[in-house]
Every structure is written in structure tokens, then in C-alpha cells.
2 protein chains.
Amino acid sequence: MAVKVGLLGLGTVGAGTAAILLDPAGRHPLMADIEVYRVGVRSPNKPRPVEIAPDRLTTDLESIVTDPDVDIVVEVMGGLEPARSLILKAIHQGKHVVTANKAVIARYGDEIFTAANEAGVYVLLEAAVGGGIPVIQPLKQALGVNRIHAVTGIVNGTTNYILTRMQQEGGDFEPILADAQKLGYAEADPSADVDGLDAADKIAILASLAFGGRINLADVHSEGIRHVSAADITYADQLGFVIKLLAIARRDTCPVSNEVLDQLQLRVHPTLVPKTHPLASINDVYNAILVEGDPIGQVMFFGPGAGAGPTASAVVSDILSIAASLKSQGATQAPNPLLACTHQHYCKVSPMADIVSRFYVRLRVLDQPGVIGQLGLCFGNHEVSIESVVQIDLHDGVAEIVVVTHEVREANFQTALDEAAGVCVHSDRAQRTAGVVDHQFR
Amino acid sequence: MAVKVGLLGLGTVGAGTAAILLDPAGRHPLMADIEVYRVGVRSPNKPRPVEIAPDRLTTDLESIVTDPDVDIVVEVMGGLEPARSLILKAIHQGKHVVTANKAVIARYGDEIFTAANEAGVYVLLEAAVGGGIPVIQPLKQALGVNRIHAVTGIVNGTTNYILTRMQQEGGDFEPILADAQKLGYAEADPSADVDGLDAADKIAILASLAFGGRINLADVHSEGIRHVSAADITYADQLGFVIKLLAIARRDTCPVSNEVLDQLQLRVHPTLVPKTHPLASINDVYNAILVEGDPIGQVMFFGPGAGAGPTASAVVSDILSIAASLKSQGATQAPNPLLACTHQHYCKVSPMADIVSRFYVRLRVLDQPGVIGQLGLCFGNHEVSIESVVQIDLHDGVAEIVVVTHEVREANFQTALDEAAGVCVHSDRAQRTAGVVDHQFR
């Protein structure tokens with residue numbers, strides 16, 4: 001008997017999903033057993049790239065999640081509501097759920113997975129992170145035999161596109177963002193992407209899977225790329241780095257004993273990545289996720305982070321997993337523990353102030369004798385040991401200075417920066433544009 | 001009730017596998033339910049890196065595969081026999097099998113999977129290709145919803161290590177091979193690696209999964225790296241390429257109509273890869289597998305291609321998959337179609353002679369007037385259109401010439417080379433050292 005899918009939404013991803021399901025030839029043989037049974041849309045008469053029989057279309061989305069014949073509800077409408085409520089209602093009706101909605105999962109994952117466990121149903125979300133790249137399933141399954149140390153990703157295509165163009169053209173952020181908006185690579189309101197919020201949602205989801213605990217989204221430190229300038233990129237290049245917006249989830253270690261602690265670092269920020277590092281060569285809208293663990297070492301997954309086809313591929317792969325499980329699982333049997341969500345506790349997250357790293361900062365100061373000495377004092381007063389201070393530009397009596405520190409606590413660095421603001425021309429508080437990474441990126 | 005594992009072999013990978021299973025803390029919770037029940041070894045008293053209770057060790061491997069309490073037989077002994085016979089006996093006894101043995105699977109996969117289907121058991125082999133990289137499972141599951149066009153891999157760490165060092169040091173093959181042997185990166189008898197046979201085994205397995213059919217290993221064209229010289233690498237570098245030993249499985253297309261045919265190209269050979277291509281930056285012993293399909297586009301998996309820890313991670317991930325399936329699958333239910341092997345037919349493979357590609361060849365000729373004209377005639381006589389002919393070296397009256405062709409049938413190119421041998425100094429038949437790739441590597 002065919003497995004019946006109820007699709008909520010027939011936008012880009014929804015239409016891509018339907019297109020795969022309606023054309024199973026040349027794909028996994030099990031695909032022929034999956035039926036697009038009902039499709040919920042806002043406007044049933046809108047022309048669409050995929051043909052759905054009119055009697056399968058409805059504007060009544062609730063009727064899909066409560067339809068007793070539907071086995072799997074596929075939520076590809078996006079947005080927080082009514083997506084969240086429909087997912088929860090589907091679960092309460094005993095339906096399995098597939099979703100591409102990172103925002104809902106990152107915010108309401110606790111509520112959703114608790115409900116799913118009680119109902120004994122699966123909630124799968126391969127498409128929520130990394131578009132078409134199979135990363136959620138490997139993290140839950142193949143990589144789960146390892147003790148994961150870190151998951152580091154370039155998980156936002158828009159910012160990676162902008163940074164790649166800044167790198168290649170030597171251009172500044174604002175004009176390239178404007179061009180990316182014109183080309184459809186960035187939204188009219190770009191905040192979710194360029195301020196790192198989308199990447200924060202995604203790293204929260206990845207961390208939850210990698211470290212087997214739930215994540216409070218508010219615990220993820222998130223900093224975007226608005227302050228990265230062409231000068232930063234040029235100077236990083238000279239130092240042997242490229243600047244990437246990295247999303248990092250890492251098991252924290254004691255800075256003194258190096259002992260692994262039962263708490264995580266969770267952060268999104270522009271990062272200087274050595275050019276030889278596997279993540280340094282991930283360009284344009286591509287995404288990549290690097291997983292480090294014991295005993296596997298480093299593995300990386302690379303591919304298209306967005307787009308109708310890749311995202312639909314991920315959605316359908318989840319549908320296929322559930323369909324396969326339904327074919328082999330007895331009615332009275334427990335859910336497959338590799339598909340179900342097993343954890344219930346929240347992960348402890350280290351305060352950002354305690355992170356130890358090397359830092360890079362660019363400051364604008366008046367070009368006058370003693371100013372570098374004054375800067376040095378500001379840093380020294382807070383035990384920030386400096387690796388280099390270099391003047392990279394000078395015009396109109398204003399000098400641009402780049403400071404690279406040795407390893408230091410974030411809190412000390414920030415306090416030193418506050419003090420250094422007194423020496424700076426710029427009325428804004430001095431900005432850290434990128435934490436230089438070293439021992440974390442061999 | 002614990003899932004009981006019978007381990008055949010306690011060498012590097014076997015000991016790594018036992019080490020993970022005996023120390024489940026911090027890994028997937030289901031790991032605590034997996035027991036190292038019996039371990040087959042040749043010398044029970046040998047000191048080992050992992051402690052196994054003496055009453056679990058045996059030298060009688062047959063007694064493990066016939067033990068009624070064993071659920072999963074894990075074959076990590078390597079070699080063709082008795083590995084093949086023990087795997088078959090385990091299957092006939094209704095045991096699930098996990099193996100890291102690419103040689104056995106590439107040669108006897110037909111026999112083994114036919115037996116497994118009849119017995120209703122799983123035979124999983126994540127460790128057979130790409131060491132720790134999860135690639136077999138994504139190919140069977142998440143990527144299976146796509147129509148796969150091609151799988152292209154750097155799947156042999158030894159040759160990639162040698163080529164990387166040749167590239168970085170400008171050295172020639174023989175001395176670097178000797179050094180690699182000294183360092184333990186190459187075997188005393190390096191043939192399986194440097195002649196491309198190991199890569200052929202692996203691409204046969206990947207092709208079988210990607211294209212849903214069995215592969216006759218004899219159909220895989222395989223050419224190693226012995227003839228690649230420092231001069232080739234330098235010249236490729238000037239042209240914007242690096243030389244990699246690629247294993248390629250690709251759905252063939254009609255060279256005239258571009259229509260996709262129901263037959264595959266299967267080949268292993270040194271290849272000029274554009275420096276901007278994702279596979280170009282995979283260095284040292286690392287492996288990477290690039291999968292291209294519709295609608296996903298390109299995804300790549302990167303990681304350690306060998307080593308006890310990574311390989312053991314892959315072996316244990318298969319054990320975990322079976323254990324999870326046993327926990328959720330009713331006794332009377334069908335096997336999970338995403339874990340089982342579904343295909344039974346053999347794939348049709350295009351003759352190598354019909355492959356259309358650009359080619360690169362380096363020839364040694366006497367430095368005398370007219371010799372390039374003569375070479376040109378040899379190629380022209382067989383409709384091989386030449387893109388460039390460049391003299392790259394001259395000493396002792398012998399000129400080294402590099403010829404790069406436009407797209408041409410392999411058969412025409414080889415016949416032209418045979419004719420060109422008459423002009424060449426070298427008494428050996430002129431060797432193609434690397435096929436230039438273009439439309440296949442955008």
C-alpha cells in the first residue's frame with residue numbers, strides 16, 4: 001500500500017518536492033510507493049511549475065493534518081505560524097512530520113520533539129540545514145558512534161556569497177549586498193542572513209544532534225558580517241587567511257587542564273580561517289559542515305546550501321526514510337531509535353565572555369606620536385597579550401591599525417576594546433571584526 | 001536485550017571497532033545495547049591495544065558465524081579467503097553482516113547479496129569505501145531520491161599522498177613512492193594502490209549503489225600513476241590543473257544527441273583536474289567523493305580515507321544501523337528497504353574505446369626539423385584534433401613535447417598514439433599520462 005503524503009505549501013520547495021515524488025523513474029525503487037495524496041495551498045488557481053490534480057488541492061490546511069489517510073505531513077510553508085501549530089496538530093494526530101523549517105525547529109524544537117516522542121512519531125528535518133547536503137542524517141546515525149568534539153559550518157549561503165565577492169573583487173559590504181539583493185541572493189530585509197540569525201538557528205539544530213541535548217536558542221552568540229570591510233579582507237589575505245562567517249558548536253575544554261567539560265561553545269561570527277583549511281575554499285552560495293570527533297577525525301560535507309532542487313532532495317530523503325521504516329516496522333514495534341529524537345535535557349552553554357581565542361581588530365586612530373603606545377597600554381591593562389600591531393592605512397590624519405592578539409579570554413579582550421575606544425577616532429565602539437582562530441583550525 | 005556482535009579479526013580495524021564498542025559513554029545511547037560477544041583471532045595470546053576477556057576470544061572463526069546467539073557478524077580480517085566463505089556461512093545462518101572488505105564485495109558482491117536477500121539479512125559495508133567518510137549510507141538513502149549522473153572520487157589515499165608530494169616537492173614518482181613505503185603510507189608491494197586496482201574495487205561498489213545495479217569488476221578500466229612524472233605535474237600546473245587519480249562512474253550520454261544512455265562509464269585514471277574544482281584541493285591521504293545528480297546538483301564528502309579510528313567508526317556505524325533496525329523491526333516484518341540490497345541486474349558498461357574526452361600526453365622525440373609536423377600527421381590521420389603542441393624540455397638532443405587534444409574518442413587517440421610511437425625516442429609505447437577533463441569538470 002502506498003505511503004500517503006500531505007504537503008503543506010506548494011512554493012519553491014513544495015513544488016520541487018512534488019516534482020520529485022510525481023516522477024519516481026530512475027530514483028530509489030521505494031519512491032514508486034509514495035503518493036502525493038493532498039496538497040495545501042493558499043491560492044488553488046495560481047499557475048505552478050508542477051501539475052497537481054485539482055481534487056488533491058485544498059486551502060484548508062487543517063483538513064490535511066487531520067486526514068486519517070495521511071501518513072506523513074510535509075511542512076514546507078515556512079514562517080513560524082501557522083507552521084508550528086500545524087506540525088503540532090499533525091503529531092497529535094499520529095502523523096509523522098517532515099519539515100524544512102529551521103526557524104520553527106530552532107525555537108520550538110523542545111515542544112515539537114516532546115510531543116513527537118509521546119505520540120511515537122518521527123519529525124525529520126534534513127532540509128533545515130545545508131539545503132541538499134545530507135548532514136542531519138549522518139550526524140544522527142553514522143557519526144553518532146563518535147564522541148563529537150565540534151561541528152563547524154558555513155551554513156548561510158547569502159553571507160558566504162557576499163564574503164566571496166568581497167574577497168574576489170576587493171569590494172565593500174554595502175554595495176555588494178545591494179547587488180546580491182538585485183540578483184536574488186539576498187532578501188530585501190537581509191537581517192536574518194547578514195546578522196547571523198539564520199546561521200544561529202542552524203548551528204543550534206546541528207549542536208542539538210551532535211551533542212545529544214536540546215539547545216536554548218538564546219544561548220547562541222551571534223554576530224554578523226556588516227562590520228567586515230574590504231580592508232579587513234585584504235589584510236587577512238596578507239596574513240594567510242580568508243574571512244568566513246562560521247557557525248561553531250564545540251565541546252568546551254578547560255583552558256588550564258585542557259580537560260573536556262560538559263558544556264558547549266555556541267557561536268556565530270566572522271572568523272579568519274587559514275587558507276589551507278578545508279572550509280577556506282568553500283565559496284559563493286555553497287555550504288559546508290565540518291564534523292570533528294573521536295575516533296573519526298575530520299569529515300566535511302559540501303554542497304548547495306539552498307535552492308528548490310537541493311532542498312526538495314533533502315525533504316524527499318526524509319520522506320523516503322519514514323516510508324522505508326513504515327514498510328519494515330511492525331505496528332506494535334518501537335520507533336527506530338536512529339530516526340527518533342532521543343534526548344530531552346538542555347545542553348549547558350559556556351558564556352561567550354569565557355571563550356579563549358586569538359582576536360583580530362581594526363581600529364581608526366589619530367595619526368600622532370604615542371598612539372600605538374596608548375593602544376598597547378589599553379590591551380596590557382587587561383592582560384591581552386598582543387602578537388602584532390600594524391598600521392595598514394593612513395589618510396586625512398587618520399591611521400588604520402590592525403591588532404592581532406595572542407590567546408585571550410573574550411571578556412578581557414572586550415574590556416580592553418572598550419578602553420581603546422577612548423583613543424579611537426571613530427565614535428562607534430571599536431568592533432571586533434573577526435576572531436583569529438589557531439589551535440581550533442590546524 | 002543486547003545485540004550480540006561476533007568480530008572476525010582483531011587487527012588494526014578490528015581492535016578499533018572493539019575499542020569503540022567497549023567504551024560507549026558519550027556516543028549514541030543505543031551503543032550501550034551492543035555487546036562484543038565473541039572475537040575470532042589467529043593468535044589469542046598476542047598483546048593487543050584493546051582488552052577482551054579471554055573467554056570471548058577464539059581461534060575457531062567458524063564457531064562464531066554458526067553461534068546461534070550472535071546477531072551480527074563483523075568481518076574485519078581482510079583478504080579474499082576465508083573472508084568470503086565466512087561471510088556466506090554467516091548469511092546462511094541468518095546473521096546480519098558488516099564488512100570493511102572492498103576486495104571481497106567488489107568480486108563476490110553478486111553471490112553475497114543474492115544470498116543475503118534470500119536469507120533476509122543485511123550486508124553493510126560503509127567502511128569499504130572512503131574510510132570513515134559516511135558515503136555508502138547517503139548514497140543508499142538520502143541521495144537515492146535523485147537521479148544520479150556521476151560519482152567521482154579520490155578514493156585511494158596512498159596515490160593521493162604520492163601525487164600531493166610530487167606536486168608540492170616537484171619530485172618524481174619512484175623516490176616518493178620509496179619514501180611513502182618507508183613511512184608506512186604505501187605497501188611493500190604497492191601495485192593494488194599505484195596501479196589503480198584498489199580504486200577500481202571502490203568505484204565498482206559506489207557505482208553499484210549510485211546506479212542501482214551490479215557491476216562486473218572486469219568492466220572497470222583501470223590505469224595507475226606510475227607513468228605520471230614531475231614534468232607532467234609541472235606542466236599541468238602551468239595549464240591550471242592538478243593531476244589526481246580519479247575513480248569515475250558516470251551515466252554515459254550519446255556524444256551526438258547528448259541523450260542519457262542506459263550504460264555507464266567506469267574508469268580509474270590520472271586526470272587533469274582544474275584547480276578551482278572541489279576535488280583539486282583534496283590532498284595527502286584524504287579521500288573525497290563527489291556525487292552529482294538531479295535535482296541535488298553537486299555534493300561532496302571529504303575525510304580520512306583510511307586509518308584504524310575512521311575505518312572503525314564506519315564499521316560501528318553499520319553495526320548501529322542494524323541494531324536500530326532490530327530494535328524497531330518486528331520479527332515477521334520485511335527488512336528495511338534502505339538497508340537491504342534491492343538490485344539484481346548487471347549494469348551495462350560502455351567500452352573504454354568509446355569514451356570521448358580531451359587528452360594530455362607527453363612524448364620524447366628527437367630534436368630535428370619536421371618532427372612536430374610528423375606528430376601532427378599521426379594525430380590528424382586518426383581525426384584527433386589538437387589544441388596545443390608545446391616543447392617543454394630539451395636535452396641531449398631529445399625534446400619533450402606535450403600534446404593536448406580537443407575532444408576525441410579514446411580509440412582514435414590510442415591509435416594515433418600507436419602511430420606516433422614511431423616518431424618517439426622512447427622505445428616504450430607512448431603513454432597517455434593523463435586525460436584532460438573539461439565539460440565533465442566545470
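Helix axes are lines fitted to C-alpha atoms over the stretch in contact, and the angle between two axes runs from 0 to 180 degrees between N-to-C directions. The model discussed here is predicted. The points below concern a helix crossing in chain A, a cis peptide bond in chain A, a cis peptide bond in chain B, and the backbone of B:Asn258 and B:Asp284.

**Helix pair in chain A**

- Helix H12 (residues 371–380) and helix H13 (residues 410–420) of chain A have axes that come within 8 Å, crossing at roughly 145 degrees.
- The crossing of H12(A) with H13(A) is right-handed.
- On the H12(A) side, the residues in contact are A:Leu375, A:Cys378 and A:Phe379, and they meet A:Ala416, A:Glu419 and A:Ala420 of H13(A).
- By class, this contact comprises five nonpolar residues, one charged residue and no polar residues.

**Cis peptide bonds**

- Most peptide bonds are trans, and most residues other than glycine have a negative phi.
- In chain A, the bond from A:Asp294 to A:Pro295 is cis, with omega near 10 degrees.
- A:Pro295 belongs to the loop that connects strand S11 (286–294) and strand S12 (297–304) of chain A.
- In chain B, the bond from B:Asp294 to B:Pro295 is cis, with omega near 10 degrees.
- B:Pro295 is placed in the loop between strand S11 (286–294) and strand S12 (297–304) of chain B.

- B:Asp294 is part of strand S11 of chain B.
- Because 14 other C-beta atoms lie within 10 Å, B:Asp294 is classed as partly exposed.
- Leaving aside residues up to four places away in sequence, B:Asp294 touches B:Asn146, B:Arg147 and B:His149.
- From C-alpha to C-alpha, B:Asp294 and B:Gly78 are 36 Å apart in space, and they are 216 residues apart in sequence.

**Positive phi in chain B**

- B:Asn258 is not a glycine, yet its phi is positive, at about 65 degrees.
- B:Asn258 sits in the loop between strand S9 (241–253) and strand S10 (260–274) of chain B.
- B:Asn258 counts as exposed because it has 7 C-beta neighbours inside 10 Å, and the cut-off for exposed is 12 or fewer.
- B:Asp284, also a residue other than glycine, has a positive phi near 55 degrees.
- B:Asp284 occupies the loop between S10 and S11 of chain B.
- With 14 other C-beta atoms within 10 Å, B:Asp284 is therefore partly exposed.

Definitions and conventions
Residues numbered from 1 in each chain as written. Chains lettered and ligands numbered in written order. Predicted model: local features only at pLDDT ≥ 70, side-chain atom pairs only at ≥ 80, totals over all residues. Helix = DSSP H or I, 4+ residues; strand = E, 2+ residues; numbered from the N terminus. Left-handed = near helix turned anticlockwise from the far one by under 90°. Contact = placed C-beta atoms within 7 Å. Nonpolar A, V, L, I, M, F, W, Y, C, P; charged D, E, K, R; others polar. Buried ≥ 20, exposed ≤ 12 C-beta atoms within 10 Å, placed from the backbone.
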